[in-house]
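The sequence and structure come first.

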Amino acid sequence: MPNNQWSRPVEVGFGVAGYRVVNGPFEALIVLHDMWPHRSGAHFIRARNACKAAVEGRVNPEHARDEFIAAAEEAKLSMH
């Protein structure tokens, strides 16, 4: 498996559940699956697909990071 860490982690807020620091596409897939509030948005679907492709080594992990951030913005989640 290629290096699947992002250049910078993404910290995403989930209200009372607190913040989660996401370091790469594998962790992003877990967060998207287990914690995401809205699983039907276009950005959510693109993020899920991009993260899966990054884990499999088919796309650059930084592309998956960009898609993950877009999905967080779509879901109106706070980020640091």
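Trp-6, Phe-14, Trp-36 and Phe-68 are linked into a cluster by ring pairs. The model is a predicted one.

**Aromatic pairs**

- There are 3 aromatic pairs in the structure.
- One of them joins Trp-6 and Phe-68 in a tilted arrangement, with 5.6 Å centre to centre and 45° between the planes.
- Trp-6 belongs to the segment before strand S1 (10-13) and Phe-68 to helix H3, so this pair ties together parts that are 62 residues apart in sequence.
- Trp-6 counts as buried at 6% relative accessibility, and Phe-68 counts as buried at 0%.
- Phe-14 and Trp-36 form an edge-to-face pair, 6.0 Å centre to centre with 70° between the planes.
- Because Phe-14 lies in the loop between S1 and S2 and Trp-36 in the loop between H1 and H2, the pair ties together parts that are 22 residues apart in sequence.
- Phe-14 is buried with a relative accessible area of 12%, and Trp-36 is buried with 3%.

**Helix H1: two sides**

- Pro-25, Ala-28, Val-31 and Leu-32 are buried in helix H1 (residues 25-34).
- These residues span an arc of only 115° around the axis, which puts them on the same side of H1.
- Strand S2 (19-22), helix H2 (42-55) and helix H3 (61-74) are among the elements that cover them.
- Exposed His-33 and Asp-34 sit on the face of H1 turned away from its buried side.

**H1 against H2**

- H1 and H2 pack at an angle of about 140°, and their axes are 8 Å apart.
- The crossing of H1 past H2 is left-handed.
- Contact residues include Phe-26 and Leu-29 of H1, and Phe-44 and Cys-51 of H2.
- The residues of this contact divide into 10 nonpolar, no polar and 2 charged.

Key
Residues numbered from 1 in each chain as written. Predicted model: local features only at pLDDT ≥ 70, side-chain atom pairs only at ≥ 80, totals over all residues. Heavy atoms only, no water. Buried < 20%, exposed > 50% of the residue type's maximum accessible area, 1.4 Å probe, protein only. Helix = DSSP H or I, 4+ residues; strand = E, 2+ residues; numbered from the N terminus. Arc of directions from axis to C-beta. Contact = heavy atoms within 4.5 Å. Axes fitted to C-alpha atoms, helices over the stretch in contact; angles between N-to-C directions. Left-handed = near helix turned anticlockwise from the far one by under 90°. Nonpolar A, V, L, I, M, F, W, Y, C, P; charged D, E, K, R; others polar. Phe/Tyr/Trp six-rings, centres within 6.5 Å; stacked < 30°, edge-to-face > 60°.
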